[in-house]
Structures are given as structure tokens and as C-alpha cells.
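Here is my note on this model. Please keep the sequence and the 3D view open as you read.

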Amino acid sequence: MQVFITILGCIGFAILAPLVGCLLAGLDRKISARMQGRVGPPLLQPYYDVRKLLEKDHVAVNSSEGVYITFALVFAIVAGGIFFTGGNLLMCIFVITLSSLLFIVAAYSSRSPYAEVGAERETLQVMAYEPMVLLMAVAFFLATGSFQVSAAFGLDAPVITQIWLAFLGFLFILTIKLRKSPFDLSYSHHAHQELVKGVTTEMSGPTLAKVEVMHWCESVLFLGWTGMFFLWGNPVSIAVAVVVALAAYFLEIWIDNNFARVKWQAMLGSAWAVALVAGGVNIGVLMYL
């Protein structure tokens, strides 16, 4: 029964997540433009960009590149389906990490020096945020007694009341996962950051369109993780979670427009330090409560 529910969730996520993610990307551009004193593009500009990419001819240095990106998108959708049907949080993390690894392999397959540098930076980003993500899952398990996301609805109070340190740690690495400055080392959404597009340098047409849709799905999933901390037994908690997720996204946009890119050493060191302090201390406290 759970497998059937997860399949339906994946189908629903595949339909709704790109729509929501597209609107979030458009809102990101609008707010960023206003922060910089510009009018900005239309709200649906990300959709227009992807539609234009889909209309282009398929050109690739390596034919396997498109296959890797397709499966990366599929695994991102599966991860979203698992999470939003109340499935296993740890499995969701493993699946979305597999999607990230396929994205990296796709960049390496082009054998372009610029794409390879982008892939190396993407690998460093995964190494930076993954410890905190796993510690977040462990903290959630200790607070609820289960890795099932649906377990949060059996609580009398939001799970953040027990794992607020883990939440702060997650907020820190959320900037890395959303590829926002100062941690947008591998792939920047801003043209002024670099002359070439890092990990997606050799990707174009339908392949690049699938990358953009995958990023939309990832944004919805990661904001879902943010809202998860504010769920409890009351149905009102869903509305609270949505509001908090949107507030966190606005915070990320503000950070993106106010901080310059840092070196990878600073990103890796700070992310691991936050994971050790925020995640480690929170788990230690829960284990001895």
C-alpha cells in the first residue's frame, strides 16, 4: 500500500513541483531585481526560458550526458514523492544525493575543462552539506522515534521545539543546497558571477531544460524539509510550515544578494563546523534526555 501511495506521490510531485518551483524561481528573479534597483523580468520568465530550451536542437559532446541528467531528474522527482507522502526521510536523502551524483557524472562525461572544474566544485558542495543533512535526519528520528516524515503529525508540539539547533544548522547548509551566494561555487544563476556556467557549461537545449526543471523540484523539496520542522498533530501546522518555508526562501534570496562568493575552503570548513556544533550537540542532548 505504501509503495502505491509513493508512486502516486511521485506522479503528483512531477506535475506540481515544476509549477511551484517555476513560480519560486520567477519570484527569486523579481525580488533580486528589486533589491538591485531594477524592474526585473516577468514572473514566468523561467518558464519562457525552459520552453525556448526545449525548442532547440539536441547537441551534446557526449551522448551519455543527457541520460545522466534524465535519471538525475527522475531521482529528484522520486525523492520528492517519498517526502511529500510522509515516507522515509533517510531514503529521501539518499535518493536526492544519488540525483546530485548523477548530475556530477554528467558534467564529467563532457570532458570539458570548465565543466570538470564545475563538477569538482559540485562534489565539494555535496561533501560540505551532506554531514548536516544526515545529522538532521538522525535528530528527527530521535525526536519522533521514526524516520517516517508522517511521524511528525503524531507530536503534541512542533518537532523544532526539540531539534532547533539542527534546524539552524540546516538553514545554514540550505544556502549551499539552493546554490545561493556565498556558496554558489559550482553553478551560479547570476550572469555576473562568471563567464562560463560551471557544471552546466557543455549542457544546452533539452538537456539544460531538464537541469532547470530538476532545480525547481529540488527547491520545492528542500523547502519541504524546512517546513517539516514545524509540523505537529494540528492540521494548522501545514499552513505554518508553508509560511516558514516561504520566509526561509526570502531569507535565502536576501543572503544571495548581499554576500560575495567565498572560497571552497571557507564553505567546507564552515559547513562542517556548523554540522559538528549544531547537529552534534542537538543529537547529544536528545540521546541523554
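1. Which helices do the buried residues of H2 pack against? They pack against helix H1 (2-35) and helix H7 (205-228). Keep in mind that this is a predicted model.

2. Look at helix H2 itself, residues 45-55. Its buried residues are Pro46, Val50 and Leu53. They sit on the same side of H2, because they cover an arc of only 60° around the axis. An α-helix has 3.6 residues a turn, so residues three or four places apart point the same way.

3. Now turn to the other face of H2. The face turned away from the buried side carries Lys52 and Glu55, which are exposed.

4. Next, the core. The largest nonpolar core has 87 residues. Leu89, Met136, Leu221, Trp225 and Phe229 have the most contacts inside it. H7 gives this core its largest share, 13 residues.

5. Take Phe229 as an example. Set aside its neighbours within four places in sequence. Phe229 is then in contact with Met136, Pro158, Val159, Ile160, Ile163, Ala166, Phe167 and Phe170.

6. The structure holds one cavity of 30 Å³ or more. The largest cavity has about 50 Å³ of space. Its lining has three nonpolar, two polar and four charged residues. Among the lining residues are Glu122, Lys177, Arg179 and Glu218.

7. Which helix supplies the largest share of that lining? Helix H5 does, with three residues. H5 (113-144), H6 (164-177) and H7 each supply at least two residues of the lining.

Methods:
Residues numbered from 1 in each chain as written. Predicted model: local features only at pLDDT ≥ 70, side-chain atom pairs only at ≥ 80, totals over all residues. Heavy atoms only, no water. Buried < 20%, exposed > 50% of the residue type's maximum accessible area, 1.4 Å probe, protein only. Helix = DSSP H or I, 4+ residues; strand = E, 2+ residues; numbered from the N terminus. Arc of directions from axis to C-beta. Contact = heavy atoms within 4.5 Å. Core = buried A, V, L, I, M, F, W, Y, C linked by side-chain atoms within 4.5 Å. 1 Å grid on protein atoms, 1.4 Å probe; cavity = no way out; pocket = protein on both sides within 12 Å on 5 of 7 lines; lining within 4 Å. Points joined across faces, edges and corners; volume = space filled by probe spheres on them. Nonpolar A, V, L, I, M, F, W, Y, C, P; charged D, E, K, R; others polar.
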